[in-house]
Amino acid sequence: MPLLTAALALLSFIGPLSTDMYLPAFPRMAEEFGTDASGVQLTLTAFLVGMTVGHLVFGALSDRYGRRGPLLVGAFVCAAGTALCAVAPSLGWLVALRFVTGFSGAAGVVISRAVVTDVVQGAAAARMFGILMTLAGMAPILAPLAGGAVIGAAGWRGVFWVLAGVSLVVAVGVLVAVPESLPKERRRAGGAGRLMASVREVAGDRAYVGYTLAFTFGFGMLFCYIAGSPFLLQNVLGLSVGVSSVAFSGGAVVATLSSAAGARLVGRIAPEVLLRGGLLTMFAGTSALLAVSVAGFLGVVVCLTLMALVCGGLGLVVANAAALAIARVPAASGTGSALLGTAQSALGAVVAPLVGLGGEDTAVPLFVGMTVCGGLAVASLRLTRGASDVTPVRAEAEVRGDRRTGARGYSPRGRTRPDS
């Protein structure tokens with residue numbers, strides 16, 4: 001299990017590395033390609049659109065053909081696509097290649113979540129998601145710092161060469177350490193019709209939809225910040241590339257520590273409580289940031305302090321929302337994970353260019369986007385009220401999981417039950 005956990009954590013590195021490591025280069029890329037903030041943010045949008053499509057494709061493939069094969073294909077294609085990004089001759093080519101890397105990189109994100117639900121259930125799944133989030137949280141901490149150093153030495157193209165090397169290491173790690181976790185008897189045969197039936201089945205669970213929307217809009221706040229942070233930190237607050245990289249990494253440190261604390265608390269505090277507390281904390285922080293920006297009092301200390309509050313809430317949201325959502329649909333965990341990631345990436349693709357429309361020298365559009373996403377995330381939890389604790393299919397899956405793993409399960413309201 002430790003080797004598998006490490007391999008799944010490496011898979012979780014792909015997303016944050018691919019988005020965060022080249023962020024400090026946005027202003028330089030805009031200058032080289034002769035474009036503005038929204039133009040260079042299209043490279044991030046293309047990556048997220050690719051991930052949106054990739055989640056659906058690889059989620060369905062993993063439910064039909066097993067986890068390992070699609071995972072290996074996605075990992076090696078992602079490594080090759082990232083290497084091609086390093087030699088892209090124009091912004092158009094870079095946008096297209098970022099779509100390819102996002103599409104293939106989605107395999108690691110969506111299938112790793114499905115693997116978790118294949119091998120553990122209940123509170124054990126929430127705890128493992130928390131561990132993965134903690135380990136993967138090292139990526140956004142290190143990525144901007146490494147990106148800033150690489151940009152200074154080799155330019156923004158050097159960043160993609162480094163990313164290609166890391167992607168290759170991840171692919172080899174999958175080859176060595178991730179076994180097939182979905183037996184043939186549990187695979188779902190069928191083509192597009194079967195996929196749509198699975199989507200309808202998953203989307204028909206109101207609580208799943210509520211937790212998925214909370215997860216999605218919570219991440220929407222993060223995507224707003226990811227897209228706007230280079231211009232916020234460098235143009236609005238006047239920080240250098242190096243200092244802005246450190247500031248961004250500081251927020252990732254807070255989110256990682258919060259995720260680690262959440263993983264330890266999940267056995268004593270219901271995941272729903274941790275999720276609600278995290279979302280309310282994020283919403284409070286972004287609302288305050290918007291207020292001080294509009295009032296003209298946004299400074300370095302105030303901004304970074306409130307962003308630390310937002311990042312602290314994020315650490316409690318991601319693992320618990322994902323575990324609660326996928327636990328609702330154990331018979332179609334690949335599809336459930338795919339829809340979760342699809343919604344997340346689709347929203348990120350929409351908000352990424354929007355936060356730059358107000359120009360490079362104002363933070364108001366950024367914080368408006370974050371606050372709106374925060375409010376919608378909190379409101380989404382209303383859909384989870386009154387949902388049945390355990391559906392018949394879910395109960396059967398939990399019993400099967402307990403017999404296989406010995407893990408204690410929990411209901412969507414966080415109550416434990418005796419082992420079967």
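The following conversation concerns a predicted model.

Reader: What should I know about the model before starting?
Author: This is a predicted model, in which local features need pLDDT of at least 70, side-chain atom pairs count only at pLDDT 80 or more, and totals for chains, interfaces and linings use all residues. Residues are numbered from 1 along each chain as its sequence is written, and side-chain values use heavy atoms, with hydrogens and water left out.

Reader: Where is Arg67 found?
Author: Arg67 sits in the loop between helix 3 (37–65) and helix 4 (68–85); helices are DSSP runs of H or I with at least four residues, numbered from the N terminus.

Reader: Is Arg67 buried or exposed?
Author: Arg67 is buried, at a relative accessible area of 1% (buried is under 20%, exposed over 50%, partly exposed in between, with a 1.4 Å probe and protein chains only).

Reader: Which side chain does the side chain of Arg67 contact?
Author: The side chain of Arg67 makes a polar contact with that of Ser62, at 3.0 Å. Such a contact is a pair of N or O atoms within 3.5 Å; within protein, one must be able to donate a hydrogen and the other to accept it, and residues adjacent in sequence count only if both atoms are side-chain atoms.

Reader: Turning to cysteines, how many disulfides are there?
Author: The count is 0 disulfides, a disulfide being a pair of cysteine sulfur atoms within 2.5 Å.

Conventions
Helix = DSSP H or I, 4+ residues; strand = E, 2+ residues; numbered from the N terminus.
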